[in-house]
Amino acid sequence: CTIAALTLGARAESPQTRALSLEDCIKIALEHNLDVQIQRINPAIANFSLGASYSSCDPTFGLSGNHSYNLSPGGVDTEGRSFNGQESETDRFGSSLQGLLPWGLNYELGGTMADRYGTVPVGTNRFPFETTSGDVGALTLRQPLLKNFWVDSTRLQIFLNKQNVKISELDVRLQIITTVSDVEQAYFDLIHAQEAVKVQQQALELAERLVAENRRRVEVGALAPLDSKQAESQAASARADLLATQSTRDTTERVLKN
């Protein structure tokens, strides 16, 4: 849409002017309108929320380890013979990898390893010992078949966040359409107001010209003084109409700038 550019601020008290076409006004509004800028942030926020909801499907890796020490005192058997106690230490390590797949499958892969060593009494002597055991590569899979098969809380939240992303994008589009529509309406309203001012200026010029002609005719006696006063009244009315249209133009210009 190409039309004659408007001139904003063209007043005697405001000599700085700027000619803007409709395309210029729309471009400025889309770049600087606060409502549009706020709405443009919402899709980014919605995408962050969607990414956070996918974190429930991130795998979790865990490591654990502990050390234990055990000492049992010696004693005397039923025959009165003394015996030594047992001393042992155990180092145990474990690892696990678990997570949730998008279709509801829970998986867990883990293993443990333990090393036990120490001394055991044999008669009056003590002998060292060491044993190692482990469970490596145990895989557990759990797939819901009834409850939570089609949807669960995690997948529901992901679905809702996807819809929120679409809603926020549509909100941005709606805000842009609304802003462009408002700019176009204000632009054409301002053109109408400026043209109305020109019409009233011409009407005032014609009224003032009629007043001047009637005064000359009164001076030569060709017209009654009452008729001259009537022309002056019409000129005053035209001047008041001009002030009203100028006020409307200024108000419409402020609406467009806003």
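The model is predicted, so local features need pLDDT of at least 70 and side-chain atom pairs count only at pLDDT 80 or more, while totals for chains, interfaces and linings use all residues. Residues are numbered from 1 along each chain as its sequence is written, and side-chain values use heavy atoms, with hydrogens and water left out.

**Overall make-up**

- The chain has four helices and eight strands; these are DSSP runs numbered from the N terminus, helices being H or I of at least four residues and strands E of at least two.
- From the N terminus on, the order of elements is β-β-α-α-β-β-β-β-β-β-α-α.
- Of the 258 residues, 26% count as buried, where buried means under 20% relative accessible area, exposed over 50% and partly exposed in between (1.4 Å probe, protein chains only).
- Among contacts (heavy atoms within 4.5 Å) between residues at least 6 apart in sequence, 62% join residues at least 24 apart.

**Helix packing**

- Two packed helices are described by the angle between their axes and the distance between the axes. The axes are lines fitted to C-alpha atoms, for helices over the stretch in contact, and angles run from 0 to 180 degrees between N-to-C directions.
- Angles under 35 degrees count as roughly parallel, over 145 as roughly antiparallel, 65 to 115 as roughly perpendicular and the rest as oblique.
- Helix 3 (residues 153-219) packs against helix 4 (residues 225-257) at about 165 degrees, with the axes 8 Å apart, and the two are therefore roughly antiparallel.
- The residues of the contact of helix 3 with helix 4 are 20 nonpolar, nine polar and nine charged. In this division Ala, Val, Leu, Ile, Met, Phe, Trp, Tyr, Cys and Pro count as nonpolar, Asp, Glu, Lys and Arg as charged, and the others, Gly among them, as polar.
- Helix 2 (residues 34-54) and helix 3 cross at roughly 170 degrees, their axes coming within 9 Å; they too are therefore roughly antiparallel.
- The contact of helix 2 with helix 3 has nine nonpolar, 12 polar and five charged residues.
- Helix 1 and helix 2 pack at about 50 degrees with axes 6 Å apart, and are therefore oblique to each other.
- In that pair, Leu 30, Glu 31 and His 32 of helix 1 meet Leu 34, Val 36, Gln 37 and Arg 40 of helix 2; three of the contact residues are nonpolar, two polar and two charged.

**Nonpolar cores**

- A nonpolar core is a set of buried Ala, Val, Leu, Ile, Met, Phe, Trp, Tyr and Cys residues joined through side-chain atoms within 4.5 Å.
- The largest has 12 residues, among them Leu 20, Cys 25, Val 180, Tyr 187 and Leu 256.
- Helix 1 (22-32) and helix 3 each supply at least two residues of this core.
- Apart from this core lies another of eight residues, including Leu 204, Ala 231, Ala 235 and Leu 242.
- Ala 186, a member of the largest core, touches Thr 252, Val 255 and Leu 256, not counting residues up to four places away in sequence.

- Gly 111 lies in strand 7 (residues 106-122) and counts as buried at 18% relative accessibility.
- Beyond four places in sequence, Gly 111 is in contact with Phe 93, Gly 94, Ser 95, Asp 135, Val 136 and Gly 137.
- Gly 111 and Asp 135 are 24 residues apart in sequence, with 5.1 Å from C-alpha to C-alpha.
- Ala 207, in helix 3, counts as buried at 12% relative accessibility.
- Leaving aside residues up to four places away in sequence, Ala 207 touches Gln 234, Ala 235 and Ala 238.
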